[in-house]
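Thanks for coming. I will go through one structure this morning, starting with a term we need and then moving from the rings to the ligand and the loops.

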Amino acid sequence: MRVLIVGAGVAGCALYRRLKPLGFTIDIIEKSATLSSEGAAICLPANAMLALDKLGLSKPVLNLAYQVDQIEYALSSGKTLARASLHTAPLNKAPFVALKRDDLMSVLRKDIAEDVQLNTWLEDIKQDNNEVLVTFQSGETKAYDLVVAADGINSSVRQMVQPHSAPLTHKVTNWRFTAKKPVAGIQPTYYVGNESAFMIYPISEDEVYCYGQIMDEDGKFASLASNKAIQEVFSDYASPVTECINSLSEDQHIVLGQLKTVQHTEPLFNRVVLVGDALHGCPPSLQQGAGMSLEDINCLADFLEQHELHDALKQYQQKRADRVTWTVKESNKIIKLAGLGRSPIGRFIRNTIIRLKGPANVVGWRKLLTEMD
Ligand SMILES: Cc1cc2nc3c(=O)[nH]c(=O)nc-3n(C[C@H](O)[C@H](O)[C@H](O)COP(=O)(O)OP(=O)(O)OC[C@H]3O[C@@H](n4cnc5c(N)ncnc54)[C@H](O)[C@@H]3O)c2cc1C
């Protein structure tokens, strides 16, 4: 079978690793000139670790990662709203960890980096029931049996097979960076303010991954220098947050972004199949981006191994649809919950929900892990 994988991020590299041993003829292309990774660090809930295990990669990832034990939600003042242990069922099926993005990508790209065709993308896709004919930016055309869109949330392949499918923006500006650990032994803590929120998540004995966000209707904060913006937005937060921010050097790399959501989670367009963020890119409220991407590719590879192409793709579509759609909706619901903080009554409702139900991400993870076979 001739397969084209478009995009060499988490989903594309992982799928290449799974399909290569099956004897398929695979091309993997990447638009960028180099294999880099954007985004400071990454948190991997237990289902992501289970999916990595299936790829034979959980050990090398664990060697580079930091395992955490509990999740805390707190007000921006530092007052605790809710805590939950990650060592109770069904959360204890695998560890919850975090690590530098580059480290995760180095594991996923080990031994395959040279197979990736850099500086390469598609200009056109035409398909019938027998094959997909693609045109590369070089003008070259080539036929495949299957094209896999693993080209991220702004997927151009998705937009070729599903016009008008650009992701929606939430008008929420965010910043990501790593910093010196502010308190020894700190566990992942999510501080919620009125229009903003800040997460501190340990990634090693000495370092934490920080993620801050603010509702930014008119793009005011996105237009400021990142260092200045985070000083301004989080100045009245509890001391672990301000310590992280104050420890940043002038030239600290801060990743600036806007939260977006894929509108329709439709995975299959005849012989073009969507995986990863191309299928379900959404806010990182449940930190499910990598986990869902790895689940997608394991599911697709399993079916391609066991069935002929048409059946395999249908089964993939059926198996992933509900889980992926639920995850996107739930992730967006948590962003709305944070948005309640804008008014006093909204804050009362938000805080009461968190106090009664526990940390919103843990509630979501329980469902996702309960439903895993
Ligand atoms: C602020 C933020 C924080 C996040 N935090 C977490 C977290 O803690 N945990 C987690 O699991 N997930 C997190 N995510 C989500 C996670 O980053 C993604 O879900 C994950 O990277 C998806 O992998 P992917 O391979 O589908 O897409 P990507 O990682 O985006 O990879 C797509 C690849 O395709 C390439 N490409 C793009 N267009 C083309 C093209 N036309 N042709 C060829 N190649 C192309 C890109 O250069 C890239 O290499 C976060 C996301 C955001 C925005």
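First, the term: a residue is called buried if its relative accessible area is under 20%, exposed if that area is over 50%, and partly exposed in between, with a 1.4 Å probe and the protein chains only. The model is predicted, so local features need pLDDT of at least 70 and side-chain atom pairs count only at pLDDT 80 or more, while totals for chains, interfaces and linings use all residues. Residues are numbered from 1 along each chain as its sequence is written, and side-chain values use heavy atoms, with hydrogens and water left out.

Let me begin with the aromatic rings. A pair of aromatic rings is described by the distance of the centres and the angle of the planes. Rings of Phe, Tyr and Trp (its six-membered ring) pair if their centres lie within 6.5 Å; planes under 30 degrees apart are stacked, over 60 edge-to-face, and the rest tilted. How many aromatic pairs does the structure hold? There are 6 aromatic pairs. One of them is the tilted pair of Phe96 and Trp365, at 4.9 Å centre to centre and 50° between the planes. Phe96 belongs to strand 7 (residues 96-100) and Trp365 to helix 13 (residues 360-370), so this pair ties together parts that are 269 residues apart in sequence. Helices (H or I, at least four residues) and strands (E, at least two) are DSSP runs here, numbered from the N terminus. Both Phe96 and Trp365 are buried.

Next come Trp175 and Phe234, an edge-to-face pair with 6.2 Å centre to centre and 90° between the planes. Trp175 is in strand 13 (residues 168-180), and Phe234 is in the loop between helix 7 (226-233) and helix 8 (239-246), so to speak a link between distant parts of the chain, 59 residues apart. Trp175 is buried at 0% relative accessibility, and Phe234 is buried with a relative accessible area of 0%. Trp175 and Phe234 also belong to one aromatic cluster with Phe177, Phe198 and Tyr237.

Two lysines also meet rings. A charge sits over a ring if NZ of Lys or CZ of Arg is within 6 Å of the ring centre and within 35 degrees of the ring normal. The charged end of Lys31 sits over the ring of Trp121, 5.7 Å from the ring centre. For Lys367, the charged end sits over the ring of Trp326, 5.1 Å from its centre.

Now the ligand. Which residues come nearest to the ligand? Of the 29 residues around the ligand, the nearest are Glu30, Cys43, Arg101, Asp277 and Ala290; a residue is near if one of its heavy atoms lies within 4 Å. The shell around the ligand divides into 11 nonpolar, 12 polar and 6 charged residues. In this count Ala, Val, Leu, Ile, Met, Phe, Trp, Tyr, Cys and Pro are nonpolar, Asp, Glu, Lys and Arg are charged, and the others, Gly among them, are polar. Helix 1 (10-19), strand 3 (41-44), strand 13 and helix 10 (289-306) each supply at least two residues of the shell, and helix 10 gives the most, with 3 residues.

A polar contact is a pair of N or O atoms within 3.5 Å; within protein, one must be able to donate a hydrogen and the other to accept it, and residues adjacent in sequence count only if both atoms are side-chain atoms. A polar side-chain atom of Arg101 lies 2.8 Å from an oxygen atom of the ligand. For Ser32, an N or O atom in the side chain is 3.4 Å from a ligand oxygen atom. A polar backbone atom of Gly289 is 3.4 Å from an oxygen atom of the ligand. Taken alone, the ligand exposes 1000 Å², and the protein buries 84% of that; these areas come from the Shrake-Rupley method with a 1.4 Å probe, and for residues only the protein chains shown count as cover.

Last, some backbone details. Most residues other than glycine have a negative phi, and most peptide bonds are trans. A cis peptide bond joins Ala89 and Pro90, with omega about 0°, and Pro90 lies in the loop between strand 6 (80-85) and strand 7. Asn119 has a positive phi, near 55°, and is partly exposed, with a relative accessible area of 42%. Gln287 has a positive phi of about 50° and counts as buried at 11% relative accessibility.
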